[in-house]
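User: Please examine the model shown below and take me through its helix packing and its aromatic contacts.

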Amino acid sequence: MFPTKQRERCNLLITERIPPFPQHVRDAIVDLYCPESLRPTIKASEANKDCLIRLYLGRRRRLEKTNSKFHGFTLRNFPLQQDQVEAIGLDGGQYARIMAETLAEFYWSAHIDANDVEFVLAPSRANPSLESGSYKNPGTIFRSHLLGEHVLWVLDFDCCKHMSLDEAGVEQAVKAFYKNDPYFPRPGRDNVNDQALWREFKGCFMEKSNVILGHEGPEARLPALWLDMVEQKSRK
């Protein structure tokens, strides 16, 4: 018999392995972005078979020339930034909408601040028809010439904290939003594509939040408050 304390109710986290991109996709990424001198080594590397792509819709690469002789490259947690998303023909707006809906679910349904969660591109699960009902839907499947069929995964929930559904909780969520890597679109950018992406994210976040919280009651104002605080912080 377990001790009484170990028999108390608690949160349960169900995890599964995210499948990596296959060899031909990894080779295509290497050919496109890796320094030529490193390509044979990276392609043959056992460690680089674990290829997931971190989707950074809130950042673009700095393309200034550098005199540095260091040329590092890895396919593990490969960062795909917004200018690259555009260059390879991916629809950033589709990913932004899913991110917005997911963030709304984190805040208003799960009551967690989404601190340090990661959004990555990877193939869908190998067997989407597992017995558990929650596993039957593989999610929205994206298709592209470079990456093939893939989905948007979310991982790393160990730093998430409970948030209250009040102004203090919203402030906590805003801090976590900016503390995290730039997965989400950002407000206040000069680039017109970034501005459009933020509007897409913002509209979808409000729409999903209203479905969860409704339009009446003290909690109904929180999504708009969160957006206002995020936009204010971007101007500082």
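**Helix packing and aromatic contacts**

Analyst: Val25 is found in helix α1. The model is a predicted one.

User: Is Val25 buried or exposed?

Analyst: A residue counts as buried when its relative accessible area is under 20%. Val25 has a relative accessible area of 1%. Val25 is therefore classed as buried.

User: Which residues does Val25 touch, leaving aside those up to four places away in sequence?

Analyst: Gly148 lies 123 residues from Val25 in sequence, yet their C-alpha atoms are 7.5 Å apart in space. The contacts of Val25, not counting residues up to four places away, are Leu146 and Leu147.

User: What arc around the axis do the buried residues of α1 cover?

Analyst: In α1, which spans residues 23-33, the buried residues are Val25, Arg26, Ile29, Val30 and Tyr33. They lie on the same side of the helix, because the arc they cover around the axis is only 135°.

User: How is the aromatic pair of Phe184 and Phe201 classed?

Analyst: The count of aromatic pairs comes to 18. In the pair of Phe184 and Phe201, the centres are 6.0 Å apart and the planes make an angle of 55°. Stacked pairs have planes under 30 degrees apart and edge-to-face pairs over 60. The pair of Phe184 and Phe201 is therefore tilted.

User: Which residue lies over the face of Phe177?

Analyst: Phe177 belongs to an aromatic cluster that also includes Phe184 and Phe201. At 4.8 Å from the ring centre of Phe177, the residue over its face is Arg186.

Definitions and conventions
Residues are numbered from 1 along each chain as its sequence is written. This is a predicted model: local features need pLDDT of at least 70, side-chain atom pairs count only at pLDDT 80 or more; totals for chains, interfaces and linings use all residues. Side-chain values use heavy atoms; hydrogens and water are left out. Rings of Phe, Tyr and Trp (its six-membered ring) pair if their centres lie within 6.5 Å; planes under 30 degrees apart count as stacked, over 60 as edge-to-face and the rest as tilted. A charge sits over a ring if NZ of Lys or CZ of Arg is within 6 Å of the ring centre and within 35 degrees of the ring normal. Buried means under 20% relative accessible area, exposed over 50%, partly exposed in between (1.4 Å probe, protein chains only). Helices (H or I, at least four residues) and strands (E, at least two) are DSSP runs, numbered from the N terminus. The arc is that of the directions from the helix axis to the C-beta atoms. Contact means heavy atoms within 4.5 Å.
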